[in-house]
Amino acid sequence: MYQITGLNPEQEEACSYTEGPLLILAGAGSGKTRVITHRIAYLIEGKGVNPRNILAITFTNKAAEEMRERVDRMLTDGAKEIWVKTFHSMCVRILRRFYEKLGGKNNFNIYDTDDQKAIIKETLKHLGLDEKQYPIRGMISSISKAKEEFLSPEEYARNEAGSYRGRNVADIYAEYEKRLQKNNALDFDDLINKTIRLFMEHPDVLSIYQERFRYIMVDEYQDTNHAQFVLVKLLAAKYRNLCVVGDDDQSIYKFRGANIYNILNFEDEYPDAKVTRLEQNYRSTANILNAANAVIANNTGRKEKTLWTENEEGEKLSYTLYPNDREEARGIVTNLRMLRRKGLCNSDLAVLYRTNAQSRVIEEQLVREGVPYQMVGGTNFYARKEIRDMVGYLKCISNPADDQSLARIINVPRRGIGDSTVVKMREYADAHDMSLYDVVVEAKNLPDIGRSAGKVSAFAEMMQGFRRKAEENDLHGLYQEILQKTGYRSGLLAENTEEARGRVENLDELGNKIADFELNHEDATLLTLLEEISLVADTDNEDETGDRLTLMTLHSAKGLEFPVVFMVGMEERLFPSGMAIDSDDPDAVEEERRLCYVGITRAEKKLFLSAARQRMLNGNYIYPGESRFIKEIPKYLLEKKGAGHRDEYEEGSGSTIRREPVEDEWRGTTFRPKKAEPEKKGIEDLFRNGSVGNVQSMSRGFQPDYQVGDQVRHIKFGKGVVTELIKGGNDYEVAVNFEFCGEKRMFASLAKLRKV
DNA sequence: GAACCCATCATTTTT
DNA sequence: TGATGGGTTC
């Protein structure tokens with residue numbers, strides 16, 4: 001019989017209460033992950049539950065991996081049968097198997113935010129709407145909200161019919177949906193929603209999963225949105241062994257749809273729910289914890305919790321007001337040096353800030369002072385252009401209906417298939433209810449694409465070859481073949497610039513990742529590879545190598561802990577953010593406060609808080625004044641430091657904007673991150689290497705076959721009349737008054753006007 | 001097609 | 001300040 005050992009009574013109860021709904025309110029640093037893994041072990045070894053009847057849902061892949069690892073270590077065998085998944089990967093797995101029941105094809109592609117952007121952009125153009133009035137990001141979030149509430153475009157349109165804008169947004173949503181469907185693609189929200197629809201419309205399928213997942217656990221429950229709430233509810237409806245773990249005080253993702261009421265109202269949804277509070281903190285000193293408690297106590301409508309600890313009181317929190325942001329950054333280095341003399345490593349420390357923009361000043365100082373650091377949450381490897389291009393090929397090969405991906409790569413690297421050809425083919429595809437790919441394959445029979453037809457056919461041949469290769473299920477081989485046959489890699493190498501070499505490195509890195517994937521996954525197929533690429537944000541592997549200071553936003557810090565934490569920029573309108581302060585939603589500032597609570601509770605031994613009297617923000621100097629959160633920390637817990645606290649600086653408080661820059665003692669030596677500057681070719685250079693003669697076709701001169709007054713046709717602008725023709729060095733500048741687009745001026749050699 | 005110039009705009013982020 | 005996108009110029 002499995003013995004639960006080494007847990008406190010509340011933790012033990014959370015582990016052993018296995019039947020029926022259970023809400024575990026797990027305060028920061030209360031040993032939550034430990035409880036979850038012990039609970040799983042207890043289910044299996046204590047209660048004899050079959051591992052395949054257990055489902056553990058997390059939010060991030062990182063959390064899923066960590067849990068999987070810990071469960072593996074704890075159990076002798078059978079752990080593999082447990083589903084430890086993110087919401088999205090779970091849904092993909094289900095949909096790959098059953099999506100056909102909803103009339104879809106199971107080789108659907110998954111669209112990320114960049115794909116969404118591209119679709120919306122085209123949609124706006126298609127509907128003739130202005131990007132300024134219907135900003136893409138806003139549209140994506142409106143659509144996401146609609147989906148979360150299960151509103152179809154038709155329902156959305158009905159709800160919004162009252163306003164002109166609403167009707168337009170509804171049109172955008174409808175068109176967006178149409179395009180996703182045509183491309184056989186699902187966005188992240190769809191993954192959840194379609195699974196729900198599948199369950200609702202096919203009770204037999206739901207029943208399969210209900211029977212399988214008799215014990216369900218959801219981590220970070222405060223981060224779930226409404227759709228995820230419904231999904232969990234469906235899955236748990238039969239056996240009702242649902243255990244959710246979370247902390248309403250750490251709900252910081254409202255802006256991306258998290259609904260704090262899922263956790264706050266859990267007991268209303270499940271009246272027989274047992275509630276366990278984990279309030280003993282094992283992470284932080286008493287002083288740090290008390291500061292956190294004091295701050296969060298200012299929020300209303302929370303689940304009352306008071307964290308306590310048996311840990312020592314520890315040092316007071318240090319709070320320094322610096323004259324400006326650069327001094328604040330220098331202060332970090334000074335403190336870091338002091339701490340290192342005491343024996344701490346760089347990797348024991350983390351600097352947390354509210355906005356990414358704050359990192360720059362800090363980085364500059366760290367580079368200047370030679371402090372090694374790592375930034376968490378950098379750009380996603382898969383977001384790089386060259387990687388997206390390659391993934392575009394893979395997506396097309398896997399799902400030829402994906403016009404979006406095909407359009408992306410059809411002329412990359414350039415192979416003489418211009419925009420107008422693509423437009424024509426897309427129009428033809430739309431008119432004949434075909435996919436772009438089908439049209440490409442049939443290109444030779446297409447009227448009206450003229451000289452491009454050969455190029456398109458050659459491209460089609462190549463793609464068909466890739467698809468045949470894909471059938472061998474040799475992913476790395478396929479990838480190499482794409483690199484080679486498209487000439488993508490060799491093209492970059494030929495550029496012979498630093499930047500291109502970087503891209504080649506990335507391409508090779510992708511090759512390694514694919515080879516790795518094949519080695520480590522028994523079910524390595526093109527579909528599962530693409531799934532991994534779409535669902536696993538590979539943010540510049542926080543490599544553990546080297547002793548480096550960590551820099552990140554407060555948001556990314558959630559779930560982590562460090563012996564020493566610096567919270568910088570404790571200034572009103574920066575933290576809490578101005579947007580939150582100005583918001584008419586009173587919860588906005590409360591969410592910022594939760595974020596502050598999250599930040600404070602990351603620290604184990606020592607917390608440094610700091611603010612700057614003057615800060616460069618968006619190119620202006622601002623004088624923000626001290627954050628309200630500082631004022632919410634009891635004085636006796638704070639040790640104030642720094643000249644900035646003296647009253648003589650008082651006149652600068654408030655949020656005055658001044659243009660006058662401060663004296664910059666380092667001006668001239670200011671560090672600038674190296675950027676691959678494009679080589680500036682001056683006239684001298686041109687002469688020196690004698691390339692003047694090759695300056696393309698222009699040197700040969702260009703002779704238009706039309707003159708002022710002639711009717712001409714432009715590939716994009718349509719018909720027009722030539723109003724002016726001016727001879728320049730080797731070319732003519734031509735002005736045309738177009739029927740639909742008004743007057744345009746352009747260079748004759750490039751305009752490619754045809755006389756009509 | 002690419003190098004430039006100008007205007008505009010600025011939380012937080014995972015899947 | 002800086003990144004980005006659109007338009008202009010060659």
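1. Ser144, Lys147, Glu148, Asp189, Ile192, Asn193, Asn225 and Ala227 line the second largest cavity. Here a cavity is a set of points, on a 1 Å grid over the protein atoms alone, where a 1.4 Å probe fits but cannot get out, and lining residues have an atom within 4 Å of a point. The elements giving two or more residues to this lining are α6 (136–148) and α9 (188–201); helices (H or I, at least four residues) and strands (E, at least two) are DSSP runs, numbered from the N terminus.

2. A word on the source: this is a predicted model, where local features need pLDDT of at least 70 and side-chain atom pairs count only at pLDDT 80 or more, while totals for chains, interfaces and linings use all residues. Residues are numbered from 1 along each chain as its sequence is written.

3. How much space lies in the second largest cavity? About 30 Å³, a volume being the space filled by probe spheres set on the points, which are joined across faces, edges and corners. By class, its lining has 2 nonpolar, 3 polar and 3 charged residues (Ala, Val, Leu, Ile, Met, Phe, Trp, Tyr, Cys and Pro count as nonpolar, Asp, Glu, Lys and Arg as charged, and the others, Gly among them, as polar).

4. Two or more residues each come from β9 (317–324), α15 (325–341) and β14 (603–617).

5. Which element gives the most to the largest cavity's lining? That's α15, with 4 residues. By class, this lining has 6 nonpolar, 5 polar and 1 charged residues.

Notes:
Chains lettered and ligands numbered in written order. Heavy atoms only, no water. 1 Å grid on protein atoms, 1.4 Å probe; cavity = no way out; pocket = protein on both sides within 12 Å on 5 of 7 lines; lining within 4 Å.
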